[in-house]
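I set out to record what I looked up in this structure, entry by entry. The entries follow below.

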Amino acid sequence: MTASGTADRMTRLLALVPYLTARPQGVPLAEAARDFGVPERQLRRDLDLLWMCGLPGYGPGDLIDLAFEGDRVRVTFTAGMVRPLRLTTDEAVALIVALRTLLELPGLAEGEAVSRALAKVSAAAGHAAEVTPVALSVDAREQALAVVREALERRRALHLHYYVPTRDERTERTVDPMRLLFVDGHWYLEAWCRRAEGVRLFRLDRVDDVVVLDEPAAPPPQATERDIDNGVYQPEPDAPVVRLRLARPARWVADYYPVEQATPVEDPPGGLAVVLRTAELAWARRLVASLGGAAVVDEPPELAAQVAVDARAALARYGGDEQHRGR
Amino acid sequence: MAAKRAERLVNLVIALLGTRQYVTAARIRATVPGYEQDDGSERADEAFKRMFERDKAELREMGVPLETGRTSAFDTEDGYRIARAEYELPEITLTGEEAAAVGLALRLWESAQLAGAAHSALVKLKAAGIDVDTSRAIPLQPRLDAGEPAFEACYAAARDRRLLEFDYRRPDEDTPARRHVQPWGVVAWHGRWYLVGLDLDRQAPRVFRLSRVVGAPAVKGAPGAFEPPADVDLASVVAGQVTGEEQLVVVRARPGTAVGLRRHAIPLGGADDGSGTVEDRLELRTTEPQALADQLAAYGPDVVVESPREIRDAVITRLTRLAAMDGAA
């Protein structure tokens with residue numbers, strides 16, 4: 001599972017000598033540190049420690065021996081540590097599940113190579129590969145994925161149509177791709193939007209008619225990657241307040257959109273009072289309407305009124321007898 | 001970890017890898033540096049025993065195959081050794097392309113549940129001589145829903161095939177109910193985590209959403225308590241339970257409205273709405289009729305459902321509730 005510092009260091013210590021053994025010409029310290037994902041000074045501490053280890057007897061001929069030449073290090077005596085430790089079940093699961101997932105994602109990696117890697121890793125994992133208690137299901141149907149990937153690889157601009165759900169409208173843009181994100185089950189393209197003159201996230205299932213342009217992708221210097229640790233929706237701190245009380249079937253709203261407060265309430269039973277901020281009242285109206293009565297609007301009052309007026313107009317279209325049946 | 005302990009553990013691994021004989025605890029104490037030495041006192045014996053037990057547990061936890069046994073019938077106590085063939089990662093060579101695929105695949109776990117295991121797997125592959133070049137990968141930043149407190153217990157129970165007990169609250173129920181499950185595995189599906197397993201109370205396979213598990217799940221009993229059905233495809237079990245059969249839905253939309261709906265619709269031509277306005281008839285497909293009804297109701301008077309009856313009624317029910325929201329109805 002999440003490796004503690006202890007397990008992490010032991011894994012590294014047992015892997016370092018085999019790592020150097022596999023590279024008899026030696027490795028620059030900085031490169032080795034990068035390969036193990038630690039700062040260079042930590043790697044030096046690890047090597048210092050290994051230098052004190054060896055076969056029983058612990059004389060000069062028994063201890064692990066390393067040679068430093070300039071910034072390179074190589075191993076001259078391994079004390080019998082020539083291969084890394086086998087994969088644990090968790091490691092085998094992490095590898096196999098990830099490769100299987102990649103296999104389902106056409107356009108991200110060469111399928112044949114992924115299959116071969118999967119077969120080789122499974123064979124090397126042995127018993128550890130017998131159980132895979134995890135599966136990741138990623139949406140592979142995104143037509144846009146392969147096109148976006150091509151643009152990123154060739155560093156080209158893209159032309160696309162984008163559906164904006166908050167306004168229920170289709171827009172046309174030229175963008176400079178920056179990176180591809182997979183967040184909570186959806187693929188996003190992060191790109192500089194030339195029309196909006198800003199960095200935008202485009203959810204791929206809302207992208208239509210995307211084509212790679214001949215011109216290079218050139219995000220301006222002010223185009224910086226967004227921090228997505230708190231989700232992809234950015235709060236709008238100065239936008240008008242919308243207060244909702246969510247009944248249990250609508251509580252997901254608090255997980256999905258940035259809410260400023262979420263307080264449990266008794267009315268409705270098991271409910272949650274939340275504060276959202278948005279400049280798009282039309283979006284809030286559609287959200288509340290899509291919750292079909294599972295959200296009560298406390299603020300602004302005109303939001304509740306609009307939803308109700310719309311609903312009555314819709315009911316009128318279904319005809320009086322239908323209204324009756326609906327109840 | 002203290003450098004002293006790390007050093008002792010590395011020396012212990014080297015010593016036990018380097019012998020075919022079983023080595024007794026007393027011999028290990030005398031030869032491997034760092035153990036409390038025998039000074040005849042009970043205190044020193046106790047200290048050594050505690051230390052050695054902790055070290056053995058740590059190595060086994062890491063997956064070091066520590067064997068116990070006796071080399072000959074004349075030995076009076078058990079000794080320890082590490083069989084090299086069991087310890088070492090078998091030979092594995094990957095082409096540049098295959099190694100790049102591994103590098104890219106492991107990024108799926110970045111800052112997600114198995115990030116630690118993915119990292120140590122990568123370290124071991126590199127130590128086996130494989131150069132995994134991650135710089136060639138395209139800029140890809142995957143993120144799985146990491147904040148799922150029930151994941152750890154569910155995953156571990158499925159991995160070790162131990163029984164699982166937890167309180168589970170369905171959205172339509174006010175109080176959680178105790179569930180007893182043989183966990184087959186956990187699945188990330190459309191960004192959410194699910195547990196798939198045999199519900200022992202209902203004696204049928206069930207899918208549980210991890211976010212609806214209340215409190216910490218309890219892992220019960222011995223490992224290897226059950227065997228999941230051969231060839232069970234966890235992802236398709238979840239997909240099958242979460243989605244139903246595909247239904248055809250026909251709606252009428254006012255011109256220029258319901259842009260989002262039209263993206264997945266087949267146009268069926270125009271139809272007069274009775275007042276001279278020509279509307280667009282659209283055919284939709286759905287496996288989640290309730291979710292579609294939510295979406296259709298949100299379009300208000302711009303969209304009217306023609307068929308089927310159930311979805312038309314579901315939309316009317318929603319609209320009726322919404323119409324009462326301002327207290328004027």
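**Notebook: pairing and packing**

I began with a bridge between the chains: Val134(A) has Val186(B) as its bridge partner in E6(B). I then looked up the strands involved, and found strand E4 (residues 134–137) of chain A joined by four bridges to strand E6 (residues 177–189) of chain B, the two running parallel. I took helices (H or I, at least four residues) and strands (E, at least two) as DSSP runs, numbered from the N terminus. I counted two strands as paired if DSSP finds at least two bridges between them.

I note that this is a predicted model, in which local features need pLDDT of at least 70 and side-chain atom pairs count only at pLDDT 80 or more, while totals for chains, interfaces and linings use all residues. Residues are numbered from 1 along each chain as its sequence is written, with chains lettered from A and ligands numbered from 1 in the order in which they are written.

**Interface**

I looked up the contact between the chains: 108 residues of chain A are in contact with 93 residues of chain B (C-beta atoms, placed from the backbone, within 7 Å).

**Helix pair**

I next examined helix H8 (residues 281–290) of chain A and helix H10 (residues 289–298) of chain B, which pack at an angle of about 135° with their axes 7 Å apart. H8(A) is therefore oblique to H10(B) (under 35 degrees is roughly parallel, over 145 roughly antiparallel, 65 to 115 roughly perpendicular, the rest oblique). Axes are lines fitted to C-alpha atoms, for helices over the stretch in contact, and angles run from 0 to 180 degrees between N-to-C directions. From H8(A), Arg286(A), Ala289(A) and Ser290(A) meet Asp294(B), Gln295(B), Ala297(B) and Ala298(B) of H10(B). By class, I recorded three nonpolar, two polar and two charged residues in this contact.

**Sheet in chain A**

I found an open sheet of four strands in the order E11-E12-E10-E13 (chain A), with antiparallel pairing. Strand E11 (262–265) and strand E13 (295–299) of chain A are at the edges with a single partner strand each, so one side of each has no neighbour in the sheet. I noted an average twist of 25° from one strand to the next. E11(A) is joined by four bridges to strand E12 (residues 271–277) of chain A, running antiparallel. Within E12(A), Leu272(A) is the bridge partner of Pro264(A).

Methods: Two residues are in contact if their C-beta atoms, placed from the backbone, lie within 7 Å. Ala, Val, Leu, Ile, Met, Phe, Trp, Tyr, Cys and Pro count as nonpolar, Asp, Glu, Lys and Arg as charged, and the others, Gly among them, as polar.
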